[in-house]
Amino acid sequence: MRMSPLQEVLLLCAVLLCFIQPSSAQTQEVVVCSGTWNALSVSGSSEMQYKLMKEMYDGCEIVMGNLEITMMEHWRDFSFLKSIREVTGYILIAINQFSRLPLDHLRVIRGTTLYDGRFALAVLLNYQKNGRHGLQELGLPCLTEILEGGVQIIQNKFLSFAPQVNWLDIMKDQTSEIIINNNGPQKSCDEKCGDVPCWGPGDDACQILTKSVCAAQCNGRCFGQSPSECCHKECAGGCNGPLDTDCFVCSNFNNSGSCVSQCPQTLIDNKHTFKLEPNPSAKYQYGSICVAQCPTNFFVDGNSCVSTCPADKMEVEKKGVKRCEPCGGLCPKACHGTGSPDRQTVDALNIDSFINCTKIQGSLHFLVTGIKGDAYTNIPALDPEKLQVFKTVREITDILSIQSWPSDMPDLSVFSNLQIIQGRTPYRSMSSKRGYSLLVMKIPSLTSLGLSSLRRINDGGVYITGNKMLCYHNTVDWTRLLGSSGSRPQRRQKHIDVKDNRSLNRCVAGGHVCDPQCSSDGCWGPGPNQCLSCKNYSRGGTCVPQCKFLTGERREFATVRSECMPCHAECEVQEGKPTCTGPGADECAVRAS
Ligand SMILES: *[C@@H]1O[C@H](CO)[C@@H](O)[C@H](O)[C@H]1NC(C)=O
Ligand SMILES: *[C@@H]1O[C@H](CO)[C@@H](O)[C@H](O)[C@H]1NC(C)=O
C-alpha cells in the first residue's frame, strides 16, 4: 500500500499524539503496576472491582501482568487507563457496557501470558442485553505491536471499527489466530485516513502502519517506505529513526532509553585476564526495563528482579539487598501441625499438607482415628507409605505425640531427619500435669525408635511407655538429650518416663544391642547408622572403624569431629603416610602438578 504525502503527515501527527505523556508520568522513574489473573471469574461487586482497578492502574505506565476489564456498566469513567503504554501479559475486555475504552497511549501488548492460552487481546460480549449500551470503538489508536499471541474479537453487538484494522501489521507472529466475528455493522473511517483503516470515527483514529508499508529490505518495522528507513532490530511497534534510541517500544529491554537484547550483565569478561569479573555498571531485568536496583519487595535472582523466588531458591537479605539463593537441598518450609479441634491427628485427608515441610510450626499427633481411619467422620485409613513425607522434617516447635502407628512399621524412621523438638507448649496429660515433648505409647509393632538425627529436646519431658517390643531406647542417655535449661534455673523438672517397654535383659538376649561402632552414648536402633555418636569415626552419618587414611582410591582425612572427608582432587596419593591434612588443595602432602 502506497501512502500519499497527506497520509504521511497524518501518520506523523498520530505518532506524535502517541508520544504525548500523561502528566502524572513526568517523573524519572517508570510507573509500573501489577495486573490481575481473574479471567472471567470476578468476585465482589462491580463497585469494588472498579475501585480496585482505579487504585491499581491510576498513573500506571507499564502493566506487569494482564489487564482485565470485565462486567463494567456504561457510566463508568475509565480515563485513569490513559497512562498505560505497555501490557506485558494479555488484555481481556469482556461483558462490559461502556462505549469506548480510553487506552489511548497503549503501544504494545507483549503476550507473555495469553488469554485462553492463545490470545493477547480478547474482546468479548461487550453489550447490554435488551439495551442500547455497548462497546462501539476500541480505543487503541497507538497499538502497533502484539509480540506474541493472537486476537479474538467476538459478539460485540455495537463494535464497528475494530474488524477493519490491519491486525497483521500489528501482530509479530503472523501465524497466530485472528478471530473476528459477530460484531456490529461496519462503519467508514474519516476521509483523512484514505485507504488506511481506523480504530474509530475521528480523524485522529487512523491506524498507524509500521510494517506492511515497509521496503522489502526491512525485516521488521520502518519509519518510512525507503530501504534506508528501517527501524533498529531491537525496536518493537515502529520507530522515529534508525537508531536503538528511536524505537516506539523495545522488543526486549529498555536500558535508559536504548533498546538492548540484554541488560548490562552482573559478570563481564575482563579482556586482559580472560576471567569473569563483577560488572560495576550491572543492571537487572525488571519486566522490560533495565534497572540498577530492584524495586522494594522484589528479589534479585541472577540478572532479574522477581517478586517471588523460584521453587529451588530461598529469599535472603544481605547488606540490605534481597536475593534469591539456592537452598542446597530442600528449601525451608514451615507447616502447621496438628492438635487443633479440626485437625486433631495426622490423617489420610491432611497428610499431603506436610509435603516438603522442614519445620512443623506446632505439634504432630498420631491417633488411631488418623492411622486406622474413622468411619464416623468418613476418614479412610492412612496409607503407611504416605508417612514418608515426614522424612523432610528437621524441627518440631511443639511436641511429637505417637499414640497409634501402622502395624507393619517397626520404627519411627520416617522421622530420621528430625533433629530437634523444641517442646514450646508441652503436652499436659489430665492426670499428671507433666509436660511431655515426646510421647510414644502402646505401639505394639515398635522394635526401635529410629530417630537417628534427634539430638535435642529443648523443653518438656519424654514419655515412652507400654511399647512391648521396643528395644534400644534404654541405651539412650535421655538426661543428656533433654539437656539442662542452660543458665536458667530449672523451672520445671524434666520428666523421663521410660517404662513398661521390652526389658533390657530380653533385648540383650535377643541380640537387640547397639552396633559395636557406636559409642557408649547409645543408639536409636540396630546398625552403625543409628548411633548417637561413634566410637571411632563417621562417614556420611554412619559409624566406621577407620577413615581411608592410608588405603583406598580416594584418600581421606578426619575433621575435628572425627568425620572422614575426602582429600582434594589435586592431592597426589601417598603410600604409607597421610595424603592430606584438610580439604583444600593447599593441605595436600604432595600436590599433583
Ligand atoms: C525507556 O525508558 C525511558 C525512561 O527510563 C522512557 O523515557 C523511554 O520512553 C523508554 N523508551 C522506550 C522505547 O520504551
Ligand atoms: C516438593 O519439592 C520438590 C523438590 O523441590 C518439588 O519438585 C515439588 O514440586 C514439591 N512439592 C510440593 C507439593 O511442594
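This report walks through a predicted model of one chain with a ligand, from overall build to single residues.

## Ground rules

Because this is a predicted model, local features need pLDDT of at least 70 and side-chain atom pairs count only at pLDDT 80 or more, while totals for chains, interfaces and linings use all residues. Residues are numbered from 1 along each chain as its sequence is written, chains are lettered from A and ligands numbered from 1 in the order in which they are written, and side-chain values use heavy atoms, with hydrogens and water left out.

## The chain as a whole

Let's start with the big picture. The chain has 6 helices and 37 strands (DSSP runs numbered from the N terminus: H or I of at least four residues for helices, E of at least two for strands). Its C-alpha trace spans about 105 × 75 × 45 Å along the principal axes. The radius of gyration is 35 Å, whereas a compact globule of 593 residues would come out near 25 Å (taken over C-alpha atoms; the globule rule is 2.2 Å times the number of residues to the power 0.38).

Of the 593 residues, 48% count as buried (buried is under 20% relative accessible area, exposed over 50%, partly exposed in between, with a 1.4 Å probe and protein chains only). Take the contacts between residues at least 6 apart in sequence: 57% of them join residues at least 24 apart (contact means heavy atoms within 4.5 Å).

## Around ligand 1

Which residues sit around ligand 1? They are Val30, Cys247, Phe248, Val249, Cys250, Asn254 and Gly257 (near means one of a residue's heavy atoms lies within 4 Å). On its own, ligand 1 exposes 360 Å², and the protein buries 66% of that. Strand 12 (residues 247-250) gives the most to this shell, with 4 residues.

By class, the shell holds 5 nonpolar, 2 polar and no charged residues (nonpolar: Ala, Val, Leu, Ile, Met, Phe, Trp, Tyr, Cys and Pro; charged: Asp, Glu, Lys and Arg; polar: the others, Gly among them). An N or O atom in the side chain of Asn254 is 2.4 Å from an oxygen atom of ligand 1.

Ser288 is in the loop between strand 17 (284-286) and strand 18 (289-291), and is buried at 6% relative accessible area. Its side chain makes a polar contact of 2.7 Å with that of Glu86 (a pair of N or O atoms within 3.5 Å; within protein, one must be able to donate a hydrogen and the other to accept it, and residues adjacent in sequence count only if both atoms are side-chain atoms).

Gly461, in strand 32 (residues 461-465), is buried at 0% relative accessibility. Beyond residues up to four places away, Gly461 touches Gly435, Tyr436, Ser437, Leu438, Leu482 and His495.

## Loop residues

Gly328 is in the loop between strand 22 (321-326) and strand 23 (334-336), exposed at 72% relative accessible area.

Gln155 has a positive phi, near 55 degrees, despite not being glycine, and is partly exposed at 34%. For Asn297, also a residue other than glycine, phi is near 75 degrees; Asn297 is exposed at 54%.

Note on methods:
Areas by Shrake-Rupley, 256 points an atom, 1.4 Å probe, with all protein chains shown as cover.
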